[in-house]
Structures are given as structure tokens and as C-alpha cells.
Amino acid sequence: MTKSIVINPFEVRAPGLVQPPSIPVNTYRFDLATEFARYGSETLINVLNDMMVIREFESMLDELSTRGQWQGIQASPGAPVYASVGQEAAVVGQALELGVEDQIFGSHRSHGEVLAKCFAAARIMDPEDVRATMEAQTGGQTLRHAEALPYESESELQANFILYGALAEVFARRGGFNGGMAGPLHVCCPAFGSMPNNAIVGGAAGLATGAALFKRINQRPGVVVANLGDAAAGCGPVWEAMSFAAMDQYRTLWPEEAQGRPPVLFTFFDNFYGMGAQTRGETMGFDMLARIGAGVDPEAMHAERVDGYDPMAVADATRRKKALLSAGRGPGLLDVVTYRTCGASAEDRNSYRTAEEQQMWADVDSIKAFSQVLIDAGVLSAGQIDDAHELIVEKIAHVLELVADDQADDAVDIAFVESRMTSTDRAEAVADSVEGEADSVERSGDAAEGVANSVEGVGDPVTAPAVAAKLLEPVEDNRRVRAISAKVRQVIDDGQPVADDQIYQFRDGLFEALVDAAAHDATMACWGQDNRDWGGAFGVYDGLTALLGYPRLFNAPITEAAIVGAGVGYALSGGRAVVELTGCDFLGRAGDELFNQMAKWSAVTGLTMPLVVRVVVQRPSDAQLGQDWSGMAAHVPGLRVYYPATPTDAKSMLGLALSGSEPVVFLESAQLYDRGEQFEPGGVPYGPVRAEEGVPAVRRTGDDVTIVTVGPSLYTGDEAASILDRTYGVSCDLIDLRFLTPVDLTPIIDSVKKTGRVVLVGEAVERGSYLHTIASTITQTCFDDLDAPVVVLGARSLVMPAGGRQDLMGPGVDAILDAIHERIMPLPGHHPTTDQRDEELLRRTRLGV
């Protein structure tokens, strides 16, 4: 445990000097005999071939983007394309030393990386395995198109498959590697170790770290590479990922079988430009990128600069770093010098660099140089190389003609996109935690063995797990489990209120769901700020340390972007991740990871992503603490957003989230952690339970007004409903939304058609509240049934002063009563204490408050 690491004041206050290790710079020297002995002539010929294929492929894309035609073939990808002409040696050299089990997460300029990794993997795989991979990809669509192209051998068919799969994906065809969803910026082929590529600069860093964490925790072979551009060295999430990957606890606290840092290599393809701005001498201050490793760990991340215009130099460095990573001595960093000879994009006119500079790089062109190496060694003649180039152009032309034929392959349609985003797969165990290759789990429409299907209601038994997980102690012996078993699972027992210290609380429901999932899924890992001895935010994890040892439960640095980004990479690799953000206010620090990474990759790639991000909505107490940004999460396509308000739902909805295959933002109000169960008859059910996804809960019934609440507003709405009934004779349907998305509005629509009146209540700021989306749908579907306008209540659009103010928080009981009185129906004898008139709404809108 962390308290075993003593912080000695005499040690840390002692004078001294920090001396970073030396960083090698372009130290590789090509030796013909050594490389021939290591690889043989056939492999070296393949290196040149792959470089030429990638050069032609990228040149084709560049010309299609800028001129609309290549080799007389007119076509347009229809989406932005970022080519990497000139950088071929770097990616081919890297792939040469990577196995099938090794993974690459890249950037928006990664077509060459995809091709290089796929070519290299296919060559070392068993031919039957390659055939099985081709038949499985996109249900065989990609292979059928590949077979329509000319080929005379299985290896040529494999090349057809890789080229067609990549190019069809660039053109958003259903026969592309990713069914057309990934396009040119994200194309990947996980079966060959080519993982999702990122349009967001530096986005690969966190994902690669999480994928490497999966390998380390579950003892899977292989390493993970984050391919980044040099400009990504200025991105905060990249630094967070490197810090996360370099934590000391991997070597000081984790058990021997899991010791060692995650095997992740941060490779920066250093072409000296971030679009048109120079990193060296202009936008960055490192002079040489490899230097940044010294700021991460005492080993300087084993950083070195490598000549990326020499494929063998890159292969040599990759091989050496891979050995270090495999031994648990990562993370690693490579500064690979290269140069992009084409424009950064179709709009690039090269106005930021001189013709002289471009000519200097053309003079040392990597393909010309490596061709000369093979010619001088007598491996190939110049004529053979020219002939090979002609065949490459011919093959790519055949592929392009087929891809460009609208009649040959379908484009992506809305139905297909919907199918990618509406998975209902439920699986207790995501992947077996046994030694072997880490297979990425591809979504299917069928449930797998050991599945825990969503059941209607709560309290129903769940299918027994298929895979048991190793715990530090039997669940029944756990201190907190025993304490919870003695608690009363509802607030009223035998007609009497239960004492606070004896009530089963909201946090207990979360704990039981976590314990159940951890016992069922050996891959499940949890991390966040102070998750272990501290007990996590508001004590939810208290007692979990005794059940889950390192590495399945650990403290992360305060790196929200890396916490979530690593969760995405871990889940994409086949594990289940539960990560925690201690405040909803910190969503901004993990904004890209939530909204561009977590939300997108399931739909884009077809891979499952069993990731739950627990987000605490703190009590408003400050300008920056206590904000409810649930609507922001619900606004982003690709995220499921849950917001339970009762202990039963805390347990059943988290249980649901932890049995699914899709990413979930799980919101927890700090106001509710102490709450007992007051709505569920019989109290919180024993044993594993799953809520029915998307179904609101009707908490009380009436005929006059419908009150819809989200989160802790349930209790405010319940109190208001009681007053309305007792004082004014107005009976209410009280409906707890529970799910922001997906959500089945049928119970709410049915209620509104009955009552003709509805008020929606939440604690998020009313301006931009997700409840306005619900209100709009109600208005459109129930317009003829409404007897009054739909009313939405939320917090005022004001910056919270220090200490918080109750009247600026979510609407209280008085605000609900006053709004009903002013805007829906007059309440006899009611005297408003808050201003809910239409004139006041317009005044606030006019002032922006």
C-alpha cells in the first residue's frame, strides 16, 4: 500500500544535482552483413516494396485530393485526406520489428502506418490465419472485392485485401476495413494490430497507454506503439499519458507477476512541421524532441533520436525499445526524423518552406537511397526495381478503379450507422485473463456464452458468470460486505424510520455492483484519483482495496485526460475499465477523451468498448465546483448517460453499465451518497440486479400534473408532489428519468397525455439543459393533449459565489410550486416566493443570466 513508501524529510531536503542520462542521436550505422544475416534478402526486398507501395498509395491520395485524378482515373475521397509522402521509411522500418500481437495507434496521417503494419503482420502469420482474418473482416465483403482484382497467388490476394480494405475505407465504402465508418482519418485493421487512428493531434497517446496497461494487467504478449507527430509534443494529453505510463507504482507496489510499466512506446514522427508551423525554432522550445523524455522519468524514457530516412535504423531502434518494454522497463520514446514532401492537406500550397529546403530532402530520398543499397549489394537491379514500381502502379490503379465504381461497393447509409450505435450486447466477462494474444472484441448481434442479459425491472436473477476472477479474499469475508449485509435496505422498517447509521445507502449500492462485476470479470480494472486507501470519492470504494489488489485497483495521477484515455484503450483491447472523475467540473480536463475518443470508437471501428466513467456531481459550493454537465455528455453521439437517484438504481444501473459492451458516463450526485431507499417496495434487492436500459421509473401516480425529474431533483419533486396533493388537492405523476440517453419516453408521453400538464426539473443550469430536449419532444408528440406550456426548471445561469447559495442551486420545492402556479395552473390560495413569471424568464434571457 502507498503508506509503506516513507517520505523522509532528510532525504528529500538534501542538496544534490540531477543528471539526466545521455540521449543517443542518430547513432545507428548500416552494416550490410549484419542486416543480411538478420533479415535475409527477401525481407529487405519486401522493405523496399512496401516503401514503394506506400509512396504510390499516398501520392495517389494527394493527387486525388488536389487534382481530382490520378493516372487518368477521376475520383474523390469526399473527406479530408492527409498524406505522408516522404515518410515511408519510418513506418516500414517500424513495422518490420513488430509482431501481430503488437499494436499501433496512430494519427490522421497514418495510411502508410496501416499498410506497413498489415503487410508485415500478414507475412508472419500462418496463411490459414490470414485467410480466416480476411473472411471475417466486414463479414467477407472486403475479401470478395479483393478476389475481384487480378492476383496469381495467395500473397497477391492478401495485398489486394489490404490495399482494397484501406482505400475503400478512405472512400467510405462498406467494403472498407471498417465498413466505411472510419474514413481516411481513422482507417485501421485491429486483426493485424493496426488500431484506431486519430484525427485529434496527440489523441493516440492515452489510448495506447491504456492498451499497454491491458497487456500488463492481463499478462498478454506484445507492445503498443503510439505514433504521434512532433507537434503533438505540445499537447497536454500526451504529457498526461507519458506520466501515467511512467508511474513508479508499477515497479514498487504491483505484485511480481504484474510488475513493470505498461509496454508502450511513444514514437514521434518528427517531420519538423505542425501543419505549416515549424516545431523546431518556432512553436516549441525543445530544439531536439528526444530531449522531452528527460522530463518524464529518471531513464528519460530511454529516448533517442533516429534517422527515419533509413528504414533499418528505425527497425533497429524499434527492436531495442521493444525488448526494454517487454521486460517492463518502459515507457519508451523515439524521435524519428523524417520529412513530409507533400502538402499537409489539399489546401497546403507550401508557402511556409522554401524550394531549396524541399530539394535538399528530395536529394536524400529514402526510397532512392535504399534502392541503391540493394543494387550495390547485388540483391536487385535498377531494371527490376523499375519493373516492380510499374506493377505497383498497375495494382493500385486496379484497386482505385474498383473503389471508385459506385456500382461495385455500397456507401455507408444511416441504417448501418444506427446498427453500429445500438448494440445491446451484455457480457459478464469481456475477455479471459489468461496468457495469450489479446484479441480485440468485435461487436456482433449475438450474445456470447456467459452473457447477463438486461432484464425488465430490478431484483431478477442474472446469468451466472462464465469466468471467475481472483480476489484477495472471499467476498463474504470482506469487512464492508459484512457491514452492508447488516444494514436495513429501506428507510422505513416495520413502520418506523431507520436510524441513519443503520440504513443501506446509495454508496452501498454502487459498492455491491462493483464487487459483483469484479468477481465476474477477471479483466475488470479500476483507477482514478485516490481510489485505494482513501476509498475513492465519498467512500464508494471503501473496502474494495481488501478485495482487489494491484493491479486491478490503483491510484492514478491527477491526469483526467489520461485516466479516461487509458480507459478507452484498455476497453478497446478487450478489458473492462471503470475509471473515476471526482468532479463533473473536471469533464473539461478530459473533454477530448470523453467526447472524441470514448464516444466514437465503437461506432467507427465496430469494436466493443466496455468502459464506465463514474462522474461525481458535487454539491455546488464554488464558481468551479458543483456544476452539473450531464447535458453536455448527453449531447455527444456515441455515449450512454446514466443518472441514478436511488440506492436500488445505483446498484441496478451500475450493474447494467458493468455488464454492457458500450461506453457509459455514469453520473452520481454527491447529495445522494447518504440516501436510503424510499421508493422501492421491499427495499434494495439482494444479489446482482440489472435495470432495464432507458426506461424511466414512475415513482408516484396522479391525474393532474406530470413531474419529471433527473438526478437528485427526484426528492425535491417528491416533496413538491406531496404538498400539491395535501394542500391543493392536485395529484401528480412523478417520473424519475434515470437515463438521459438512450431513453424511452413512452411512460412520460403516456403520462402527459393523461394529465395535460408537465414540469421537468433538474439541477443543471436551465440554459442548455438536456431537459429542454425532452420538453421539445413532449411538445411535438403531445401538442394536442397539452393544457398548458411545457415547463423546464433548472439552476440559474449565474456563476456560483463562494460557499454556495441555495437559491442559485437546482430549483427547490417553492420554485416547483410557483412555476406550476404561474405557468401551468393556478393553485388556490398559493402565494409565490420565487419569480417564475414569463416576464422574469424573458428578463433573464435578455441579460444572459
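Student: Which residues do ring pairs link into a cluster together with Trp254 and Phe554?

Tutor: This is a predicted model, and the count for it comes to 19 aromatic pairs. Ring pairs join Trp254 and Phe554 in one cluster with Phe214, Phe244, Tyr250, Trp527 and Tyr570.

Student: Is the pair of Trp254 and Phe554 stacked, edge-to-face or tilted?

Tutor: A pair of aromatic rings is described by the distance of the centres and the angle of the planes. Planes under 30 degrees apart count as stacked and those over 60 as edge-to-face, with the rest counted as tilted. For Trp254 and Phe554 the centres are 5.4 Å apart and the angle between the planes is 55 degrees, and the pair is tilted.

Student: How many residues apart are Trp254 and Phe554 in the chain?

Tutor: Trp254 belongs to the loop between α11 (249–252) and β6 (264–270), whereas Phe554 belongs to strand β14 (residues 553–555). The pair thus links distant parts of the chain, and the separation is 300 residues.

Student: Why does the pair of Trp527 and Phe554 count as stacked, and at what angle are the planes?

Tutor: Planes under 30 degrees apart count as stacked. The ring centres of Trp527 and Phe554 are 5.4 Å apart, and the pair is stacked because the planes are at 20 degrees.

Student: Are Trp254, Phe554 and Trp527 buried or exposed?

Tutor: Buried means a relative accessible area under 20%. Trp254 has a relative accessible area of 2%, Phe554 has 0%, and Trp527 likewise stands at 0%. Because each value falls under that cut-off, Trp254, Phe554 and Trp527 count as buried.

Student: Over which ring does the charged end of Arg174 sit, and over which that of Arg480?

Tutor: The charged end of Arg174 lies 3.8 Å from the centre of the ring over which it sits, that of Phe416. For the charged end of Arg480 the distance to the ring centre is 4.3 Å, and the ring is that of Phe511.

Student: Are helices α20 and α21 roughly parallel or roughly antiparallel?

Tutor: The axes of α20 (residues 560–572) and α21 (residues 591–598) come within 8 Å and cross at roughly 20 degrees. Angles under 35 degrees count as roughly parallel, so α20 and α21 are roughly parallel.

Student: How many residues of the contact of α20 with α21 are nonpolar?

Tutor: In this contact Ala561, Val564, Gly565 and Val568 of α20 meet Glu593, Leu594, Gln597 and Met598 of α21. The contact includes 2 polar residues and 1 charged residue, and the nonpolar residues number 5.

Terms used:
Residues numbered from 1 in each chain as written. Predicted model: local features only at pLDDT ≥ 70, side-chain atom pairs only at ≥ 80, totals over all residues. Heavy atoms only, no water. Phe/Tyr/Trp six-rings, centres within 6.5 Å; stacked < 30°, edge-to-face > 60°. Helix = DSSP H or I, 4+ residues; strand = E, 2+ residues; numbered from the N terminus. Buried < 20%, exposed > 50% of the residue type's maximum accessible area, 1.4 Å probe, protein only. Lys NZ or Arg CZ within 6 Å of the ring centre and 35° of its normal. Axes fitted to C-alpha atoms, helices over the stretch in contact; angles between N-to-C directions. Parallel < 35°, antiparallel > 145°, perpendicular 65-115°, else oblique. Contact = heavy atoms within 4.5 Å. Nonpolar A, V, L, I, M, F, W, Y, C, P; charged D, E, K, R; others polar.
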